[in-house]
Amino acid sequence: MSTAVVALAATAALAALTPATAHAAAADGFPAPFTAGDTAQAREAASSPATLLTLSRFFARDGAIAQSAARPHLVGPSVTVYFLDPGFVAGRPGAPVADPQFVASKAVSANGQVASVWTVRTAKGWKVVNIATGGDETDYVSEAHGLGTVFREPQIDAWYVVRDGRVLPLDPDARRAVGKSGVTVAAYQRLVHKKYGDKLPGSAYDRAGKGGGYGGTAAPPRASAEPAATTGVAVTAGAATAAVAALLGTCFGVRRMRRRRLVS
């Protein structure tokens, strides 16, 4: 299966974990971010003793620091992270450019390592489902200064902000895709439809199990881990849970580190 199909399937799987009713309409046609109450609960899960223990193991990988000395802690605000919407790619009328997928919190170790903790709402409350190296999720939202909605195109690890009807780039991958000045939302829809429209989940391309991607080799993913504290958690959509467990860290690629899974 191509990276494009996997990434779009993962986006749909993540969305299935969060009830659609949680989001009212927001500016620019985007669903609203998670509420302050939701975000507070997500942050509580991200800072729980079990998560901090997992973070200590994560930061201690490869002997970078002793687990007992890692002393991870959260810094900055927790934020709603949006991913490109498959319906928008397909050209479905009224589909938003991107949907809220999870809440991200930045964690830092005693020796300055940074990780992003991904938390989703399940039938049993907010649960941590992934820890990834680096702080892109919170950093790019901060960079937008609240002006517009930030989202990620996971297939190429590109970050954008939609502002005044334009899709503007926030990182080099996005600039290569839409140029320094960005493009209109309509032009961006045509762009992603051309790249991924025939590779969506359920398409003939997907059913055939073809590989090779969408015109380029996917970058290696960030180091990530599914925290042991969340293993076996029952969620609203069982199939989506399995998809997230299999796909988190493998399809949303960046170039910094290969993926590693922590041992419980």
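Colleague: Which helix holds Gln-189?

Modeller: Gln-189 is found in helix α7, residues 185–196. Helices here are DSSP runs of H or I with at least four residues, strands are runs of E with at least two, and both are numbered from the N terminus. This is a predicted model, where local features need pLDDT of at least 70, side-chain atom pairs count only at pLDDT 80 or more, and totals for chains, interfaces and linings use all residues. Residues are numbered from 1 along each chain as its sequence is written, and side-chain values use heavy atoms, with hydrogens and water left out.

Colleague: Does Gln-189 count as buried or exposed?

Modeller: Buried means under 20% relative accessible area, exposed over 50%, and partly exposed in between, with a 1.4 Å probe and protein chains only. Gln-189 has 18% relative accessibility, so it counts as buried.

Colleague: What does Gln-189 touch, not counting residues up to four places away in sequence?

Modeller: Contact means heavy atoms within 4.5 Å. On that basis Gln-189 touches Phe-88, Val-89, Ala-90 and Gly-91. Gly-91 is 98 residues away along the chain, yet the two C-alpha atoms are separated by 7.3 Å.

Colleague: How do I read the nonpolar core?

Modeller: In soluble globular proteins, nonpolar side chains tend to be buried together. A nonpolar core is a set of buried Ala, Val, Leu, Ile, Met, Phe, Trp, Tyr and Cys residues joined through side-chain atoms within 4.5 Å. The largest one has 20 residues. Those with the most contacts inside it are Leu-84, Phe-88, Phe-151, Tyr-160, Val-167, Tyr-188 and Val-192. At least two core residues come from each of β1 (73–84), α4 (86–90), β6 (158–163), α6 (172–178) and α7. A second, separate core has 17 residues, including Phe-59, Leu-74, Ala-107 and Val-128.

Colleague: Which residues does Tyr-188 contact, leaving aside neighbours within four places in sequence?

Modeller: Tyr-188 is in contact with Leu-84, Phe-88, Val-97, Phe-151, Glu-153, Tyr-160, Val-167, Val-178 and Val-183.

Colleague: How many residues of strand β5 are buried?

Modeller: Five of the five, residues 149–153, so β5 is largely enclosed by the rest of the structure. Thr-149, Phe-151 and Glu-153 point one way from the strand. Val-150 and Arg-152 point the other way.

Colleague: How is β5 paired?

Modeller: Two strands pair if DSSP finds at least two bridges between them. β1 and β5 run parallel, joined by two bridges. β5 and β6 pair in the antiparallel sense over five bridges. β5 and β6 form a hairpin with four residues between them. In that turn, Asp-157 has a positive phi of about 50 degrees.

Colleague: What polar contacts does the side chain of Ser-78 make?

Modeller: A polar contact is a pair of N or O atoms within 3.5 Å; within protein, one must be able to donate a hydrogen and the other to accept it, and residues adjacent in sequence count only if both atoms are side-chain atoms. The Ser-78 side chain meets that of Arg-43 at 2.8 Å and that of Ser-105 at 2.6 Å. Ser-78 lies in β1. Its relative accessibility is 13%, so Ser-78 counts as buried.

Colleague: And the whole chain?

Modeller: The chain has nine helices and nine strands. Of its 264 residues, 53% count as buried. Among contacts with a separation of 6 or more, 63% join residues 24 or more positions apart.
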